Each structure stands twice: as structure tokens, then as C-alpha cells.
Amino acid sequence: MKKVLAVLMVTAFAFCVGTAFAKTEKCTVKTVAVEGEKATVTMECEKDAELKEGDTVKVRAQKKKVVEGC
């Protein structure tokens, strides 16, 4: 009984792992307009992006590397 339960749990976990990843889109920021405490960002994405007007997205800024001199 314990072996059957363990196999079922491992199988359920394997199916759930695939649904936990978010889709990544490649976009370029075109304009940023600040009005009071809100900012409006206009982005240009690839042609096949699955984003629609009004979608909520989470944005992570690209880290810039520091160049050190001699």
C-alpha cells in the first residue's frame, strides 16, 4: 500500500512540475511616461508574442555589468 501511494505521489508531482514555469517573451522598452505615482511603459515585443492589451506582466530588469578600468 505504501509503495502504491509513493508511486502515485511521484507521478502527480511529475505532472505538476511542468505547469509551474512561466513563459518568457523578448521585448524592448520604447517609452516610459511618469504621471504622479504611476508609470506607463510602452514595450515592443516579437511578432509572435502572446500578450494582449490589458495583460498583467512581471518585468525583471536586465543587470548591467560593471566595466573596471586599469
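The structure is a predicted model, in which local features need pLDDT of at least 70 and side-chain atom pairs count only at pLDDT 80 or more, whereas totals for chains, interfaces and linings use all residues. Residues are numbered from 1 along each chain as its sequence is written, and side-chain values use heavy atoms, with hydrogens and water left out. Of the 70 residues of the chain, 0% count as buried (buried, under 20% relative accessible area; exposed, over 50%; partly exposed, in between; 1.4 Å probe, protein chains only).

The chain contains one helix and two strands, in the order α-β-β from the N terminus. Helices (H or I, at least four residues) and strands (E, at least two) are DSSP runs, numbered from the N terminus. Strands β1 and β2 pair in the antiparallel sense over eight bridges, where pairing requires that DSSP find at least two bridges between two strands. Within this pairing, threonine 31 stands opposite threonine 42 in β2, and alanine 33 has threonine 40 in β2 as its bridge partner. The two strands form a hairpin with two residues between them. Glycine 36, in the turn, has a positive phi of about 65°.

The structure holds one disulfide, defined as a pair of cysteine sulfur atoms within 2.5 Å. This disulfide is formed by cysteine 27 and cysteine 45, with their sulfur atoms 2.0 Å apart. The link of cysteine 27 and cysteine 45 is right-handed, with 100° about the S-S bond. The pair links distant parts of the chain, 18 residues apart: cysteine 27 lies in strand β1 (residues 27-35) and cysteine 45 in strand β2 (residues 38-45). Cysteine 27 is partly exposed, at a relative accessible area of 30%, and cysteine 45 also counts as partly exposed, at 27%.

Pockets were located on a 1 Å grid over the protein atoms alone; a pocket is an open set of points where a 1.4 Å probe fits, with protein on both sides within 12 Å along at least five of seven lines, and lining residues have an atom within 4 Å of a point. Grid points are joined across faces, edges and corners, and a volume is the space filled by probe spheres set on the points. The largest pocket has a volume of about 780 Å³. It is lined by 17 residues, of which Thr24, Glu25, Lys58, Val59 and Arg60 lie nearest its centre. Strand β1 gives the most to this lining, with three residues. By class, the lining of the largest pocket comprises eight nonpolar, three polar and six charged residues (nonpolar: Ala, Val, Leu, Ile, Met, Phe, Trp, Tyr, Cys and Pro; charged: Asp, Glu, Lys and Arg; polar: the others, Gly among them).

The second largest pocket has a volume of about 340 Å³. Its lining includes Val29, Val41, Met43, Cys45, Leu51 and Val59. Strand β2 gives the most to the lining of the second largest pocket, with three residues. Seven nonpolar, one polar and three charged residues make up this lining.
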